[in-house]
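These are my notebook entries on one structure. I recorded what I looked up, entry by entry.

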Amino acid sequence: MGWSRWKNTIQIPGVKTWLEQSDIIIIIFKNCTMNKKDTRVAALIRFASAITALNIAGYLFLGFEQSYATVVTALLTGYSLEFLMEFLTAKEQKRDPKYKGGIKKFLVFLLPPHITSLAVSMLTFVNENLILVVFGVAVAILSKYLFKVNYNSRKRHFLNPSNTGIAVMFLVF
């Protein structure tokens, strides 16, 4: 669906890749059917790939001046808090955590905290004060669990997590 516009497409079973003019390889999981959940996952994969590529390009070519420790700290904070909150939520609701059920489910589970963590670390300059990035990412991840509304008989967060984390961090510090 819509892949024909990319040139130099290489077919790999279960994975769809393409080479752009800059010879950057982007790997995207190939979905057999496109229902609403699959389009959400495909969008998350594209956005996570783009923000990761932008961070790498920023550090290598665009002059991002932050320490690599900022990104690592943000990612570790985001992943660990998302695991903790999903474990506690699943236990409370008496269901299996969303990260159980195979490597694909595990990787899809990591996409939202990956995006949030990279966005907070990229859009804030904390210098050597890594506790600020920990605070910003923690507020961002926790906001998904605190600020929810009922939508189509499901509880969904309604604030952009990374923007919430950045805004609260700027207001507090």
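**Entry 1. Aromatic pairs**

I looked up the aromatic pairs and found 8 in the structure. Rings of Phe, Tyr and Trp (its six-membered ring) pair if their centres lie within 6.5 Å, and planes under 30 degrees apart count as stacked, over 60 as edge-to-face and the rest as tilted. F147 belongs to the loop between helix 4 (130-146) and strand 4 (148-151), and F158 to the loop between strand 5 (154-157) and helix 5 (161-172), so the pair ties together parts that are 11 residues apart in sequence. Helices (H or I, at least four residues) and strands (E, at least two) are DSSP runs, numbered from the N terminus.

I then checked accessibility, where buried means under 20% relative accessible area, exposed over 50% and partly exposed in between (1.4 Å probe, protein chains only). F147 is partly exposed at 36%, and F158 is partly exposed at 48%. I also noted one aromatic cluster, formed by F83, Y99, F106 and F109.

**Entry 2. Basis of the values**

The model is predicted: local features need pLDDT of at least 70, side-chain atom pairs count only at pLDDT 80 or more, and totals for chains, interfaces and linings use all residues. Residues are numbered from 1 along each chain as its sequence is written, and side-chain values use heavy atoms, with hydrogens and water left out.

**Entry 3. Chain overview**

I recorded 5 helices and 5 strands in the chain. Read from the N terminus, their order is β-β-β-α-α-α-α-β-β-α. Of the 173 residues, 37% count as buried. I also looked up contacts, meaning heavy atoms within 4.5 Å. Among contacts between residues at least 6 apart in sequence, 53% join residues at least 24 apart.

**Entry 4. Salt bridges**

E82 pairs with K144 at 3.2 Å, N to O. E82 lies in helix 2 and K144 in helix 4, so this bridge ties together parts that are 62 residues apart in sequence. E82 is buried at 5% relative accessible area, and K144 is buried at 10%. Leaving aside residues up to four places away in sequence, E82 touches F109, P113, I141, K144 and Y145.

R95 pairs with E86, and their closest N and O atoms are 2.7 Å apart. Here R95 is partly exposed at 28% relative accessibility, whereas E86 is buried at 2%.

**Entry 5. Largest pocket**

I looked up the largest pocket, whose volume is about 1,500 Å³. On a 1 Å grid over the protein atoms alone, a pocket is an open set of points where a 1.4 Å probe fits, with protein on both sides within 12 Å along at least five of seven lines; lining residues have an atom within 4 Å of a point. Grid points are joined across faces, edges and corners, and the volume is the space filled by probe spheres set on the points.

The lining holds 38 residues, and R40, K98, P112, R154 and H157 lie nearest the centre of the pocket. Two or more lining residues come from each of helix 1 (36-62), helix 2 (68-93), helix 3 (103-123), helix 4, strand 4, strand 5 and helix 5. By class, I noted 13 nonpolar, 8 polar and 17 charged residues in the lining. Ala, Val, Leu, Ile, Met, Phe, Trp, Tyr, Cys and Pro count as nonpolar, Asp, Glu, Lys and Arg as charged, and the others, Gly among them, as polar.

**Entry 6. Loop residues**

Is F125 buried or exposed? F125, in the loop between helix 3 and helix 4, is exposed at 54% relative accessible area. F125 touches E65 and Q66, residues up to four places away in sequence not being counted. The C-alpha atoms of F125 and T70 are separated by 9.1 Å, and the two residues are 55 apart along the chain.

Most residues other than glycine have a negative phi. N127, which is not a glycine, has a positive phi of about 55°. N127 lies in the loop between helix 3 and helix 4 and is partly exposed at 46%. The phi of N152 is likewise positive, near 55°. N152 lies in the loop between strand 4 and strand 5 and is exposed at 61%.

Terms used: Salt bridge = Lys/Arg side-chain N within 4 Å of Asp/Glu carboxyl O.
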